[in-house]
Amino acid sequence: ESDTASELSFQFQRHKKTPSIGSHSSDMASVSSVSGSVLSVYSGDFGSVDAQGTVEFALDYDEKNREFQVHVSQCKDLAVVDEKKGRSDPYVKTYLLPDKARMGKRKTSVKKRTVNPIYNEVLRYKIEKMVLLIQKLNLSVWHNDPLGRNSFLGEIEIDLASWDWSNRKLNWYPLKPRSLSAVNGADHRGVMSLSIKYVPPGSLGPKNPPSGEVHIWVKDVKDLLQLRPSGVDSFVKCYVLPDTSKKSYQKTRVIKRDTNPVFNHTIVYDGFHTEDLKDACVELTVWDHEKLTNHFLGGIRLGLGTGLSYGIAVDWMDSTQEEVAFWQEMMLAANEWIEGLLPLRSL
């Protein structure tokens, strides 16, 4: 079932304030401004076809003119919107997120009656490089309808903070379906598939196990941010907070060049008492592996989300409703694997 089983002892430091990793505080202001903007990217979409095909483009920053340039070359094998007439009239649209309103959208011309349109157009944004590096580029392909009922054909999202600017060549990228969390207005970072299980002390026989165990089986992640043309080199880190010591730290191997990595990695933490479950939080974070510094891609926190741990207010007890429900299900169903599919978020 799993590729690596790592055993590791885990003792809570009761009533001792332990800082969380980088003690992050959640910045609500930025989340709400993102949700307001991303939602309208998808307005005016009536026809629904499955995303398919690829898009070829290159990115460049012109230092002299302080201009970000998206060179849209062509698309291949787009979905057919009008089955009766067997046609699509596609165009490409770009936004810089999270603040799409300020930078505005850019569009190519519409190519009629083709699923393999050739554009060779440059979409330009006057923007300082420092500002550009905190944006994501959202590039989507749409069928143009004379009545304004445009149909979404696929998209790709690129994190410009970690883009390799020495690469100015045209590259092909697969068009992805609309990310659910983008439609819901969240900041889309991918979705983790995992299972968790709580084994209470003595539940498998006398003194077996001697202390309670939490098993975490990290299966895979779908739809990570595309950081380079080749994808992303990712791994998952795990801590059981409030313990941020080496004892608590576990990580998976690195999966290279894949925005849909399969980890199949099981981690076992022992030393749990059943009442610890309400004060503990399993933090799983996904990172892009780079030589000098790893780049944070997104994470989840499994716990009761009460804001408190052993009576102390902590910013990492901030689980979402979905994460809380998943943890509660595990607490109620001893010795059973609980399966979950949870969106990664900024922590």
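Is K85 buried or exposed? Select K85 to begin: this residue counts as exposed because its relative accessibility is 63%. (Buried means under 20% relative accessible area, exposed over 50%, and partly exposed in between, with a 1.4 Å probe and protein chains only.)

Before you go on, note that this is a predicted model, where local features need pLDDT of at least 70, side-chain atom pairs count only at pLDDT 80 or more, and totals for chains, interfaces and linings use all residues. Residues are numbered from 1 along each chain as its sequence is written, and side-chain values use heavy atoms, leaving out hydrogens and water.

Keep K85 selected and look at the loop between β4 (67–76) and β5 (90–97), where K85 lies.

**Zooming out**

Show the whole chain next, and you will find five helices and 20 strands. Buried residues make up 51% of its 347 residues. The accessible surface comes to about 16,400 Å², of which 52% belongs to carbon and sulfur atoms; these areas come from the Shrake-Rupley method with a 1.4 Å probe, and for residues only the protein chains shown count as cover.

**A buried cysteine**

Go to C75 in strand β4, which counts as buried because its relative accessibility is 1%. Among the residues C75 touches, beyond those up to four places away in sequence, are V92, V141 and W172; contact means heavy atoms within 4.5 Å. P117 is another of these contacts, and the C-alpha atoms of C75 and P117 are separated by 5.5 Å, although the two are 42 residues apart along the chain.

**Salt bridges**

The count comes to 17 salt bridges, each a side-chain nitrogen of Lys or Arg within 4 Å of a carboxyl oxygen of Asp or Glu. Select D60 and R168, whose side chains meet in one of them (2.9 Å, N to O). D60 lies in strand β3 (residues 54–62) and R168 in the loop between β9 (150–159) and β10 (171–174), so the pair ties together parts that are 108 residues apart in sequence. Then try R124 and E67, also bridged (2.9 Å, N to O). R124 lies in strand β7 and E67 in strand β4, so this pair links parts that are 57 residues apart in sequence.

**Backbone stops**

Most residues other than glycine have a negative phi, and most peptide bonds are trans. Check the bond from N208 to P209: this one is cis, with omega near -10 degrees. The bond from L241 to P242 is cis too, with omega near 15 degrees.

Which phi does N120 have? N120 has a positive phi of about 50 degrees although it is not a glycine, and its place is in strand β7 (residues 118–126). Finish at Y310, which also has a positive phi of about 50 degrees. Y310 is buried, with a relative accessible area of 9%, whereas N120 is exposed at 51%.

Definitions and conventions
Helices (H or I, at least four residues) and strands (E, at least two) are DSSP runs, numbered from the N terminus.
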